[in-house]
Amino acid sequence: MIKIGVIFGGQSGEYEVSIVSARSVMDALDKKKYKITPIKISKKGVWVGIDNPIKFLKKLDIVFPLIHGTTGEDGGLQGFLEFFGIPYVGAGVMDSALGMDKIVQKRLFQQENLPVVDFVEMNSCLRRNDKGGNRNDKGGDILRRIGFPIFVKPARGGSSVGISLVKHAKNLDSALKLAKKYDSKVIVEGAVPENREFECAVLGNEKPKASVVGEVLASNEFYDYNAKYIDGKSEIIIPAKIPKQLSAQIRDMSIQAYKALDCSGMVRVDFLYDFKAKKLYLNEVNTIPGFTPISMYPKLWEASGLSYPKLLDELVKLGMKRHKQRQKLLSNL
């Protein structure tokens, strides 16, 4: 029997989502194959009921990190596990960090000729003086080029926490202040008017595979936290009712994005489609996608013929395989 620890909670704005994801995964894991140990980290960063986390984790065969966002999805937890030689599910240190930072990943996507919307980093182009003065001319020029409406987001966050859709310049400062509550680094993106939002799941290490494509019909103007987790009115269509050519393009681009960030294990890739201009934009990747009962990642694989328990089995196998490969390399040093 495989001893698996499921890590959840953490010092993140997505604390509650993490708990729901962990509960869902623990319910779906095959109890005949796994001895499951829940591992909760408090909002203050305390390992609940565990005096020596390293000694505790080393007794397990593998851990499943399900801390969405800061400290759990940004490479911090993965680095800790790597340092102490503990096998884990999902992305490694570098791909976690790249997947978390919307600005850096978009720059990498541009280098790979993958289409992204116009964007700007707030820190470099929308600086204000200490007294809260006007934005500098460079920032103003970029905003005029992008035009309104725009999205203002924490550069390193998820679950749509701290995101604002800004339609008028008068609302920009309040949106920036909200985003800055969650990250010192803020990204401003051009909005795609009347877009359709598609998502694709990727699974694998060296030879990743893409799932069928799903479409999100958000209950609000965009797929914000309330639309994702609270009001229950958003719709998910799996598989998306789109032409085969567009579906193939999304799946191919998902694999390209996966390889561009040198990902392993799993990611969910999000797209925006301007159906008037018939142009597809790569929005972002998520290296620890939601595993709640309504989350797209497991639903996409279920529609692709891989049940939730079998998906978890495959993720565990991939994590163990990557760990063995890394240990073999380290043994040559």
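The legends below describe close-up views of a predicted model.

**View 1. Packing of helix 1 against helix 12.** Helix 1 spans residues 15-28 and helix 12 spans residues 308-330. Their axes lie 9 Å apart and meet at an angle of about 100 degrees, which means that helix 1 is roughly perpendicular to helix 12. Helix 1 contributes Ser24, Val25 and Ala28 to the contact, and helix 12 contributes Tyr308, Pro309 and Leu312. Five of the residues in this contact are nonpolar and one is polar, with no charged residue.

**View 2. The second largest pocket.** The volume of this pocket is about 350 Å³. Its lining consists of 17 residues, and those nearest the centre are Asp95, Asp262, Cys263, Ser264 and Arg322. At least two lining residues come from each of helix 4 (93-100), helix 10 (244-260) and helix 12. Helix 12 provides the largest share, four residues. Sorted by class, the lining holds seven charged, six nonpolar and four polar residues.

View 3. Leaving aside residues up to four places away in sequence, Lys106 touches Val116, Phe119, Ile187, Glu189, Leu282 and Asn283.

View 4. Most peptide bonds are trans. Pro149 sits in the loop that runs between helix 7 (137-146) and strand 5 (150-154). The loop holding Pro239 lies between strand 10 (235-237) and helix 10.

**View 5. Positive phi at Thr71 and Asn113.** Most residues other than glycine have a negative phi. Thr71 has a positive phi, near 70 degrees, and belongs to the loop between strand 3 (62-65) and helix 3 (76-83). The relative accessibility of Thr71 is 32%, so this residue counts as partly exposed. Asn113 likewise has a positive phi, near 60 degrees, and is placed in the loop between helix 5 and strand 4 (119-121). Asn113 counts as exposed because its relative accessibility is 70%, the cut-off for this class being over 50%.

Note on methods. Residues numbered from 1 in each chain as written. Predicted model: local features only at pLDDT ≥ 70, side-chain atom pairs only at ≥ 80, totals over all residues. Heavy atoms only, no water. Axes fitted to C-alpha atoms, helices over the stretch in contact; angles between N-to-C directions. Parallel < 35°, antiparallel > 145°, perpendicular 65-115°, else oblique. Contact = heavy atoms within 4.5 Å. Nonpolar A, V, L, I, M, F, W, Y, C, P; charged D, E, K, R; others polar. 1 Å grid on protein atoms, 1.4 Å probe; cavity = no way out; pocket = protein on both sides within 12 Å on 5 of 7 lines; lining within 4 Å. Points joined across faces, edges and corners; volume = space filled by probe spheres on them. Buried < 20%, exposed > 50% of the residue type's maximum accessible area, 1.4 Å probe, protein only.
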